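Colleague: I have the file open and would like to go through the side chains with you. Please give the cut-offs as the terms come up.

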Amino acid sequence: MSDSEAEAPEEEVFPENEDCSQAGSIRKGCDPLAQTQRSKLQHRRSRINQQINKEMRMRAGAENLFRATTNHKVKENVALELSFVNSNLQLLKEELEELNSSMEVYQNDSESINVPMIPLGLKETKEVDLSVSLKDFICEHYGEDSSLYEKELVELMELRQAMRTPSRNEAGLELLMEYYNQLYFLDNRFFPPSKNLGVYFHWYDSLTGVPSCQRALAFEKGSVLFNIGALYTQIGARQDRSTTPGIENAIDAFQKAAGAFNYLKENFSNAPSLDMSVPSLNMLVRLMIAQVQECVFEKVLLQLQGVCHFSAHLQVAQEAARVADVYSLVYQTMTQPPVKDYVPFSWTTMVQVKSEHFKALSHYYAAVAFCDHDMLLVDDEGESEKLLIQFHVSVLEGPALSTVLRDPEERRKLGKAHLKKAVMMHEEAMRIHSLCKILRKMDILQEVLSFAHKRSLGCYSQIDHEDDFFETAEVPPVRPKTQQKPELKTTNFSKVRITDIFHRLGPLSVFSAKSNWSPQRRVHLVRGEGGFGFTLRGDSPVLIAGVIPEGRAAEAGLRKGDYITSVNGQDCKWWKHAEVVQLLKSVAEEGVDIGVITILLPELQSQTDRRSVVLSSSGLMSSDKENVRRLGQSNTSRSTGSLLTWNKKNSTAGGKGSSSTFSLPFKDTEAMY
């Protein structure tokens, strides 16, 4: 376990909501006690995760004792205990694998027969009490009474608790995105680059159940993002793919899942859990892309239903070949180390079955194209010949293509060859399917494979003549081609607008964990003949842009660069320029009390920064960098860290990005008071 900390980078700040009354989330998670099929699976997953955690601790203790002791009798007893623990871990792993293979629970309830999709279970997490650490930080860093922020702390903890059980719909996604967006503010508010809050985030591996623990907030962010992708897979799997809208929804969900996993892969490195490692995420992205391609095939098949045209069936055949091609790539990825050591065997078998199944379908629809079109229009002959030239991966042996298209007997022979290939591949898919105990229990998959096999066998019997003395030719595979290439859709976090739960601490541009300021000073000002003697500029908070020498403000102790935080006891960190001006104009003869702070310049903090660098280089501290992002955008570059690195782009020296964290986009106008 690493003691790495998440460092809050300089970022483009999310739009802050000034209406404090609108703060807070009204979204809730699913009832954890609700006895739905999906919730039962999650309960079992949680129980197995806890048991795996217990067994792993016992194994770690036994291994330490085995290494430490020199007593042979103790070593024998410990070795025996280790064998029991390892046996229990193997049983728990198999039970978890069976849960990950429970695909039917996540499918839709439609009566239509579709090949099941592979969904991903959510990562489980332990409860985390952030209140003590955040209260201490509010007192120490912000200099405020932490008891005044009880409501905000409760709201944050309720939001984290709710996101552990999101519903399997758009509301569940918005709940996860809301918490993910709040982590941006939490990172900038409470996680400074040079201090560790001592908060540990515990998450269980979705595939293995092995627990991981880190103090880096980046680990929390990555795990939530993983669950967003996993929830998209469940939403995609439950769509009714017997209708075009259902297929479109499934395509959209799987593309967004692929985008989430790909974003995670590109922005996190050296993750502590296997499910978030680069090989695993690469496998998941390819799996989602394959499932998108399968949906595209179903969409094309549905659109061309009832269309009896030579080119239409060739198109369907090439779409099927494309699906087989991408599933073959997924299978290769799943069988490579280290992925093959922890990916469920049922997943690997399902992917292999689908690859063979769609190869068979490509040959079946090719046969339909050749056998079901006895009469080809003369006008279509040239176009059909062009399509046929690019249809196979290699050149057909035998008569010229023009002869094949004109001669029904030649088309029958070619169709028969494709059907023979289809039957053989359907049988291979069924053989592979029979090797997996979990898949054998999946009735709908068995039904799909059996139906396709019988259909191809029936067509072969119809065109197989008793007087056929020629040997069936060997046809090349169908060339893969698709009408719709899958996309990696990045999650659009900006669609879930939130308010910073701790917005009362002040605008993030000034009041952040990275900034330091002097204790608040209270200054009493009385208007003189020339006014107060200072210039104001900017909004939220208002800046004292200039102070007239020997004026009332200078005599009271105001300095250029001070920020106004209160006026007559009223907190005005979020006030606009005009609001502060209006209040100052209405001041009576007795004057006004102004609270101000002074931002400590970066050079005053350089010693602390240098100390952090020394600690990092000596191995005592490793800072995790978070990706610079705005909601819905990602600009990233690779960097390295100890365990989990959230990367960011480096600002060019002297460029626009080199301004300090407390600079504000001031208005052009200034006013003297």
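Modeller: Buried means under 20% relative accessible area, exposed means over 50%, and partly exposed lies in between, with a 1.4 Å probe and protein chains only. This is a predicted model, in which local features need pLDDT of at least 70 and side-chain atom pairs count only at pLDDT 80 or more, while totals for chains, interfaces and linings use all residues. Residues are numbered from 1 along each chain as its sequence is written, and side-chain values use heavy atoms, with hydrogens and water left out.

Colleague: Is H363 buried or exposed?

Modeller: H363 is found in helix α10; helices are DSSP runs of H or I with at least four residues, strands are runs of E with at least two, and both are numbered from the N terminus. The relative accessibility of H363 is 2%, so H363 counts as buried.

Colleague: Which side chain does H363 join in a polar contact of 3.0 Å?

Modeller: Contact here means heavy atoms within 4.5 Å. Not counting residues up to four places away in sequence, H363 touches K421, A422, M425, V475, P476 and P477, among others. A polar contact is a pair of N or O atoms within 3.5 Å; within protein, one must be able to donate a hydrogen and the other to accept it, and residues adjacent in sequence count only if both atoms are side-chain atoms. At 3.0 Å, the partner of the H363 side chain is H418.

Colleague: Which residues touch the most other members of the largest nonpolar core?

Modeller: A nonpolar core is a set of buried Ala, Val, Leu, Ile, Met, Phe, Trp, Tyr and Cys residues joined through side-chain atoms within 4.5 Å. The largest one has 139 residues, and those touching the most other members are L186, F190 and F502.

Colleague: Which helix gives the most to this core?

Modeller: The helix in question spans residues 345-371. With 14 residues in the core, the helix that gives the most is α10.

Colleague: What is F502 in contact with, leaving aside its neighbours within four places in sequence?

Modeller: The list includes L134, I138, Y149, E152, L153 and L156. It also holds L186, R189 and F190.

Colleague: How many residues does the second, separate core have?

Modeller: Its members include V523, V580, L584 and V596. The count for this second core is 20 residues.

Colleague: Why is the pair of F137 and F190 edge-to-face?

Modeller: Rings of Phe, Tyr and Trp (its six-membered ring) pair if their centres lie within 6.5 Å; planes under 30 degrees apart count as stacked, over 60 as edge-to-face and the rest as tilted. By this rule there are 16 aromatic pairs. For F137 and F190 the centres are 5.9 Å apart, and the pair is edge-to-face because the planes stand at 70 degrees.

Colleague: How many residues apart are F137 and F190?

Modeller: F137 is in helix α3 (residues 131-140) and F190 in helix α5 (residues 170-190). F137 is buried at 3% relative accessible area, and F190 is buried at 0%. The pair links distant parts of the chain, and the separation is 53 residues.

Colleague: What is the angle between the planes of F532 and F534?

Modeller: F532 is buried, with a relative accessible area of 1%, and F534 is buried at 0%. Their rings are 6.0 Å centre to centre and form a stacked pair, with an angle between the planes of 20 degrees.

Colleague: Which residue lies over the face of Y364?

Modeller: A charge sits over a ring if NZ of Lys or CZ of Arg is within 6 Å of the ring centre and within 35 degrees of the ring normal. Over Y364, at 4.2 Å from the ring centre, lies R455.

Colleague: What is the omega of the cis peptide bond that joins S540 and P541?

Modeller: Most residues other than glycine have a negative phi, and most peptide bonds are trans. S540 lies in the loop between β6 and β7, and its phi is positive, near 45 degrees. The peptide bond from S540 to P541 is cis, with an omega of about -5 degrees.

Colleague: Where is N568?

Modeller: N568 has a positive phi near 55 degrees. Its relative accessible area is 41%, so N568 is partly exposed. Its place is the loop between β8 (562-567) and β9 (570-571).
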